[in-house]
Amino acid sequence: MLTKRIVPCLDIKNGRTVKGVNFVNLIDAGDPVVLAKQYADLGADELVFLDIAATLENRGTTLDMVLKVAKQVNIPFTVGGGISSVEHVDALLKCGADKVSINSSAVKRPDLINELSQKFGSQCVVVAIDAKQIDGEWFVHLAGGTIPTDIKLFEWAKEVEERGAGEILFTSMNHDGTKAGFANKALAYLSDLVNIPIIASGGAGNVQHFIDTFTLGKSDAALAASVFHFGEIPILELKQKLKENNIPVRI
Amino acid sequence: MKLVIINYGAGNIKSIQFAFKRLGVEAVLTNNIDEIKAADKVIFPGVGEASSAMRMLQESGLDKVIPTLTQPVLGICLGMQLMCNSSEEGNTKGLGIFNVDVKRFSNQVKVPQMGWNVIADLKSDLFKDIKEKEFMYLVHSYYAPTCNEMIAKTDYEVEYASALQKDNFYGVQFHPEKSGIKGSKILENFLKLKTNN
C-alpha cells in the first residue's frame, strides 16, 4: 500500500536554512546539507528545499547546494523558488534534484507547466499554490504569499493538473505559521477535485494535525518546517502515532 | 569493475551515479556503444516519456545494442518499462526483452503513484538480505502487469510487477538510488551479481 509522506521543508536563503513565521521574522536553523542528511536518517520520506531569496545572481550558489545534497542524501528531494525557465530546471535536475516546484512563474506563464512536463515528465513538476481564504473564497497569492490575485484556487488547481503538473503543494496563507492545523476542508476538496497527489502545507503544530490532514484533509503528503527543525515533533514518533491511527506510513 | 550508466539524454542520472559513489564505485556515464559492450555491469536509467525516450535510443542505435548485452543490465523506472514489449505511454514499441506490455493506471487512483510502497514475493539475488515488504520509492504513471518474469510485486490499484528479470536483464520500477539504505543494498547486490551468465 502506498504510504503517506512526511516532508520536512528547508527554506533556503544564501545557502542557509531559515524558517519564517508567516513568511517574516526569519530564524536560522542550520546547514541544509547536514539537515537533509539528518532528516533522511531520521525517517523523512522526502525533502523540499525552497529558495526564498532566489535571484539570478545567486543561482549558482543554489545549484552548488543541490549538487552537495544529491551527493549525500539517498531520499528524493524537490527544489523550488525563483524557477521560471526550462533551462533552469534542466540545470537543477542535472545537479541531482528529483523534482522542481514552480509557483508564481506558473501563474504568470502557465505554459511553463506544459513545457516542463513535456520535456522532463510530469513526475518532476510540482506546482506550489499559495492561497488565502477571503470571505469564504480561496484566492491564489504570489511572491511568497505577498501579492493577491483574482485567480481562484480550485480553478487554478484543475488547470495545473490539465497542463501536466505531477503534484500540487498547497499552502494555506491563513494557516501558515499558526501551528493550529492544516486547511483540511480545502485540502479534501482539492484531493477530490484533481487526480494527482496533494501535499498539505501550512499550520503543522502537533501530531494530531498530521492525523487530521491525512484523514479529514485526504492529503497524500504533509509538509512542515519549524516543528521538525526545532525537534518539537520527532519524525519517527510522529510516524508511530500515525501508524497507531491506521494511517499507512513507512517506518 | 567497470560500471556504466547509459546516457541517452533521459532523466536524472546524477542521483544514480552518486548512489554508486556512496558505495565506493565510480560509474561512467556514456552513450558509446563499445564502452557499453565492454562494461562489467550496465545501468539503463530513464525518467520522462516513453515514446520520446525510445526515439532517443533509436537515434543512437542503442535500441539494437541493449538487447544483445550479455553482462548484468539493470533498468530503472522508465528504463525497466522500455525493456518491455511495448508501452501505452505514447503507444511505443519497447526493446522486447521482457514479454509484457506496459499499461497506465486507471483514474481510480491518483496518478502518478508517488511515494513509498512495499515490494513483495521477492525472487532474485538482486534482493539478497532484503526482507519481504520492504519500502521502496516509486514515481510512475505506467506499470508492467504481473507476468512470468516478475521477481517482485507491488500493489497500487492492481498488483503489478515492480521488478522483472530475464537471464542477465533486470528491471526495477522503483528507484533504488532514492530508497534509503535498503535501496542502496539492492544496488550493492547488483554489483555483486556474476558478470558472465
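**View 1. Contacts and overall form of chain B in the predicted model.** In chain B, 69% of the contacts (heavy atoms within 4.5 Å) between residues at least 6 apart in sequence join residues at least 24 apart. The model is predicted: local features need pLDDT of at least 70 and side-chain atom pairs pLDDT 80 or more, while totals for chains, interfaces and linings use all residues. Residues are numbered from 1 along each chain as its sequence is written, chains are lettered from A and ligands numbered from 1 in the order in which they are written, and side-chain values use heavy atoms, without hydrogens and water. Chain B holds 6 helices and 13 strands (DSSP runs numbered from the N terminus: helices H or I, at least four residues; strands E, at least two). The C-alpha atoms of chain B fill a box of roughly 45 × 35 × 30 Å along the principal axes.

**View 2. The aromatic pair Y8(B) and F44(B).** Over all chains there are 12 aromatic pairs (rings of Phe, Tyr and Trp, the last by its six-membered ring, with centres within 6.5 Å; planes under 30 degrees apart are stacked, over 60 edge-to-face, the rest tilted). Y8(B) and F44(B) are tilted, because their planes stand at 35°, with the centres 5.5 Å apart. Y8(B) lies in the loop between strand 1 (3-6) and helix 1 (14-22) of chain B and F44(B) in strand 3 (residues 41-44), so the pair ties together parts 36 residues apart in sequence. Y8(B) is buried at 7% relative accessibility, and F44(B) is buried at 0%.

**View 3. The stacked pair F105(B) and Y143(B).** The ring centres are 4.9 Å apart, with 20° between the planes. F105(B) is in the loop between strand 7 (98-104) and strand 8 (113-119) of chain B, and Y143(B), 38 residues away, is in strand 10 (residues 142-145). F105(B) is buried with a relative accessible area of 1%; Y143(B) is buried at 11%. Together with Y156(B) and Y160(B), the two residues form one aromatic cluster.

**View 4. R250(A) and the ring of W116(B).** The charged end of R250(A) sits over this ring, 3.5 Å from its centre (NZ of Lys or CZ of Arg within 6 Å of the ring centre and within 35 degrees of the ring normal).

Technical notes:
Buried < 20%, exposed > 50% of the residue type's maximum accessible area, 1.4 Å probe, protein only.
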